[in-house]
Amino acid sequence: MAVTFPTLCEFVWVLARGYNREAREIIEAIRRLVESATVRADRPAVDAGLAVLEAGGDFADGVIAFEGRRLGGMVFTSFDRAATELIAATGGETKLLSGG
């Protein structure tokens, strides 16, 4: 079974918002899922998402930043200050946009 990025991002969102699970529980659930012998997932991207989640950020932001870098994007750009700070802390170049 293949598990895509949107599926994992929804999984995280549902566990966090729908079931009020803590980040550590979500991280463990994702690790168990992607380590299953029958599951295929992009492990480097998943690991990037987990690193940001472990640092207190959003799993999706970590995956988005990783995928952007892999596709040749040099700068992670967002309106979310916390996201840009966490991505910068993982070694990525970031740009914080201002609203308006």
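## About the model

The model is predicted: local features need pLDDT of at least 70, side-chain atom pairs count only at pLDDT 80 or more, and totals for chains, interfaces and linings use all residues. Residues are numbered from 1 along each chain as its sequence is written, and side-chain values use heavy atoms, with hydrogens and water left out.

## The largest core

In soluble globular proteins, nonpolar side chains tend to be buried together. A nonpolar core is a set of buried Ala, Val, Leu, Ile, Met, Phe, Trp, Tyr and Cys residues joined through side-chain atoms within 4.5 Å. Buried means under 20% relative accessible area, exposed means over 50%, and partly exposed lies in between (1.4 Å probe, protein chains only).

The largest core here has 15 residues. Among them, I26, I30, V46, L50 and F59 touch the most other members. Helix 1 (5-18), helix 2 (23-34), helix 3 (43-54) and helix 4 (59-70) each supply at least two of the core's residues. Helix 2 gives the largest share, five residues. Helices (H or I, at least four residues) and strands (E, at least two) are DSSP runs, numbered from the N terminus.

Contact means heavy atoms within 4.5 Å. Leave aside neighbours within four places in sequence, and I30 is in contact with F11, V12, V46, L50 and F59.

F59 sits in helix 4. Is F59 buried or exposed? F59 is buried, because its relative accessible area is 1%. Not counting residues up to four places away in sequence, F59 touches L8, C9, V12, I30, V46, G49, L50 and L53.

## A second core and helix 5

A second, separate core has six residues, including V52, A83, L86 and I87. In helix 5 (residues 81-89), A83, T84, L86 and I87 are buried. They cover an arc of only 165° around the axis, so they lie on the same side of helix 5. The arc is that of the directions from the helix axis to the C-beta atoms.

On the other side of helix 5, R81 and A89 are exposed. The buried residues of helix 5 pack against helix 3, helix 4, strand 1 (75-78) and strand 2 (93-96).

## At the surface

W13 belongs to helix 1. W13 is partly exposed, with a relative accessible area of 48%. Together, W13, V14 and Y19 make a nonpolar surface patch of about 330 Å². Patches are made of residues with over 30% relative accessible area and no salt bridge; nonpolar side chains (Val, Leu, Ile, Met, Phe, Trp, Tyr) are joined within 5 Å, and like charges within 9 Å. A salt bridge is a side-chain nitrogen of Lys or Arg within 4 Å of a carboxyl oxygen of Asp or Glu. Accessible areas come from the Shrake-Rupley method with a 1.4 Å probe; for residues, only the protein chains shown count as cover.
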